[in-house]
Structures are given as C-alpha cells and as structure tokens.
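I opened the model to look up a few points of its fold. My notes follow in the order I took them.

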Amino acid sequence: MGVWHRIGQDALALLLAASCAGCDRAGTLLCEACRMRLRGERHDVRTPEGMMVHAALRYEDVPARVIRRLKEDGATLLARPLGDALRAVLAVQPADALLAPVPTSRAAFRRRGYRVPELLVRRAGGVPRRLLVSARRTGDQRRLGRRARAHNVAGSMRAIGSGHGRRVLIVDDVVTTGATLDEAARALLAAGFLPVGAVALAATPRLRPPHDTTEFTARG
Ligand SMILES: [Zn+2]
C-alpha cells in the first residue's frame with residue numbers, strides 16, 4: 001500500500017471517527033446545519049465600563065459548543081468557520097485600527113499550544129498585533145461573578161511599546177462580563193494607545209444591552 005493511499009485512509013478513518021462539534025452527528029467535524037448557525041450577525045453589548053463590543057455570535061447552543069470544541073478540545077480546524085463569523089464584525093470596523101487580541105495566559109498556551117483570539121483573527125483575514133501581554137497570573141474567571149471578575153483581572157495586563165495615539169481594536173473570543181476587555185483598554189491607554197472598541201467572536205446573552213447608555217470614557 002502506497003504512503004499516499006495510507007494517508008488517505010488515515011484521514012478517512014479520522015473523519016469517520018469525528019462527530020459534529022455542534023450536534024454530535026457522526027462523520028463530520030461540522031455539519032451543514034450547524035455551519036449555518038455560525039453565520040456572524042452583529043450583536044452589540046457593553047462592558048462594565050461602557051465600552052462598545054461588537055460580537056458575531058451569541059454564546060449559547062450550537063455556537064457555544066463549537067467554540068468549546070475549538071478552545072478545549074484542540075479542534076483548530078474549527079477556527080476556519082468561526083473566523084468567517086468574526087470576519088463579519090471585523091468588516092465594519094475602522095480599517096486603520098490595529099487588531100490587538102486579548103493575551104492568552106501561559107498556562108492556557110501550554111495546555112492548547114495555540115492562542116485562540118489570535119488564531120481567530122488570522123482566520124478572519126486580519127493581522128493580529130501582540131500589543132497586550134499578561135502582567136501577572138489571574139485566577140480562573142469561570143466561576144466568578146461580575147464584581148469578582150473585575151477585581152481578578154485588574155492590573156493583569158500591560159501593553160508593549162508606546163502607542164503614540166494609534167487606534168486599537170481589542171479582539172477576544174468569548175465575552176462574559178467584559179471585565180477582561182476593560183482591563184485590556186486600561187493597559188492600552190496606559191501605554192499611549194487609543195482603544196476604539198472591541199470585537200468578540202461571541203458574547204454571553206446575560207451581558208448588558210447597548211441601549212444602556214453609560215458612556216465609555218477613556219481613562220488613563
Ligand atoms: Zn451539527
């Protein structure tokens with residue numbers, strides 16, 4: 001048996017062993033019905049500090065399952081359709097803004113071997129700029145409420161270099177309370193960048209809707 005034939009068989013075996021990330025249907029990584037559920041449609045939400053976030057998907061049902069498969073199960077092929085969804089919200093952003101992904105903690109990078117927000121930006125056709133880095137370790141955010149999250153991430157990031165007023169769009173995969181995005185904006189401002197807003201692949205439905213009119217003001 002030739003090597004290419006063997007590789008073909010391996011690929012086929014892998015595909016047959018696969019199940020749809022959205023609905024568990026066998027024989028595919030993502031079925032057509034679930035792929036349709038990943039079409040990006042802009043949902044606007046606001047962070048606790050009032051910064052506008054354009055999210056492509058609601059973090060529930062099929063999109064939530066597919067994103068978890070990418071984040072927790074190493075299914076990096078799913079970054080392609082998810083990147084397409086993100087592209088829909090990146091397309092309406094000011095073209096001159098640098099795209100700064102929220103930094104991935106060292107622990108998460110060791111576990112996964114890739115940085116999810118950065119990978120998504122690439123798959124969306126953008127150029128990610130690693131302007132933000134983790135300044136210290138943070139506790140696991142998942143079990144924390146809104147106030148505790150904000151406290152947990154305060155001072156956890158810093159921006160590299162000096163911004164000289166350059167406009168930056170912050171990018172994250174999933175927005176839960178928005179505390180992480182506020183911290184990213186704080187770090188960017190402190191380094192002289194001008195954060196113009198944020199985009200996310202998905203936002204949890206419990207986030208504040210945009211008609212809550214508390215103004216986002218740039219704070220140094
Ligand atoms: Zn499916």
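**Entry 1: two loop residues**

Between which two helices does the loop with Asp24 lie? I found Asp24 in the loop between α1 (3-17) and α2 (32-36). I note at the outset that this is a predicted model.

I looked up the backbone of Asp24 and got a positive phi of about 70 degrees, although Asp24 is not a glycine. Most residues other than glycine have a negative phi, so I checked the surroundings as well. Asp24 has 10 other C-beta atoms within 10 Å and is therefore exposed, the limit for that class being 12 or fewer.

His164 gave me a second case: its phi is near 50 degrees, again a positive value in a residue other than glycine. I placed His164 in the loop between β5 (157-159) and β6. With 9 C-beta neighbours inside 10 Å, His164 also counts as exposed.

**Entry 2: the chain as a whole**

I counted eight helices and seven strands in the chain. Of its 220 residues, 40% are buried. I then looked at contacts with a separation of 6 or more, and 76% of them join residues 24 or more positions apart.

**Entry 3: the sheet**

In what order do the five strands of the open sheet lie? I read the order as β1-β2-β7-β6-β3, with mixed pairing. β1 (43-46) and β3 are the edge strands, each pairing on one side only. From one strand to the next, the twist averages 30 degrees.

β3 and strand β6 (residues 167-175) run parallel and are joined by four bridges. One residue I traced was Leu98, whose bridge partner in β6 is Val168.

α4 touches β2 (52-58) and β7 (194-203), and its direction makes about 145 degrees with that of β2. α6 touches β3, β6 and β7, and its direction makes about 110 degrees with that of β6.

**Entry 4: α4 against α6**

I next looked at how these two helices meet. Helix α4 (residues 79-90) and helix α6 (residues 116-123) pack with their axes 7 Å apart, at an angle of about 75 degrees. They are therefore roughly perpendicular to each other, since angles of 65 to 115 degrees fall in that class.

Which residues of α4 meet α6? I listed Ala79, Arg80, Leu82, Gly83 and Leu86 in α4, which meet Leu119, Leu120 and Arg123 in α6. Sorted by class, this contact has five nonpolar, one polar and two charged residues.

**Entry 5: α7 against α8**

I repeated the check on helix α7 (residues 146-153) and helix α8 (residues 179-190), whose axes come within 9 Å and cross at roughly 30 degrees. That angle makes α7 roughly parallel to α8, the cut-off being under 35 degrees. I noted the crossing of α7 and α8 as right-handed.

On the α7 side, the contact is made by Arg149, Ala150 and Val153, and on the α8 side by Ala179, Thr180 and Glu183. By class I have three nonpolar, one polar and two charged residues in the contact of α7 with α8.

**Entry 6: two alanines**

Is Ala185 buried or exposed? I found Ala185 in helix α8. Ala185 has 29 other C-beta atoms within 10 Å and is therefore buried, as 20 or more is the threshold. Leaving out residues up to four places away in sequence, Ala185 touches Met51, Ile170 and Pro195. I also looked up Glu49, which is 136 residues from Ala185 along the chain; their C-alpha atoms are separated by 9.9 Å.

I then turned to Ala97, in the loop between α4 and β3 (98-101). Ala97 has 19 C-beta neighbours inside 10 Å and so counts as partly exposed. With residues up to four places away in sequence left out, Ala97 touches Arg167, Val168, Leu169 and Val196. Pro195 is 98 residues from Ala97 in sequence, and the two are 8.7 Å apart in space, C-alpha to C-alpha.

Terms used: Residues are numbered from 1 along each chain as its sequence is written. This is a predicted model: local features need pLDDT of at least 70, side-chain atom pairs count only at pLDDT 80 or more; totals for chains, interfaces and linings use all residues. Axes are lines fitted to C-alpha atoms, for helices over the stretch in contact, and angles run from 0 to 180 degrees between N-to-C directions. Angles under 35 degrees count as roughly parallel, over 145 as roughly antiparallel, 65 to 115 as roughly perpendicular and the rest as oblique. Two residues are in contact if their C-beta atoms, placed from the backbone, lie within 7 Å. Ala, Val, Leu, Ile, Met, Phe, Trp, Tyr, Cys and Pro count as nonpolar, Asp, Glu, Lys and Arg as charged, and the others, Gly among them, as polar. A crossing is left-handed if the near helix is turned anticlockwise from the far one by less than a right angle, and right-handed if clockwise. Two strands pair if DSSP finds at least two bridges between them.
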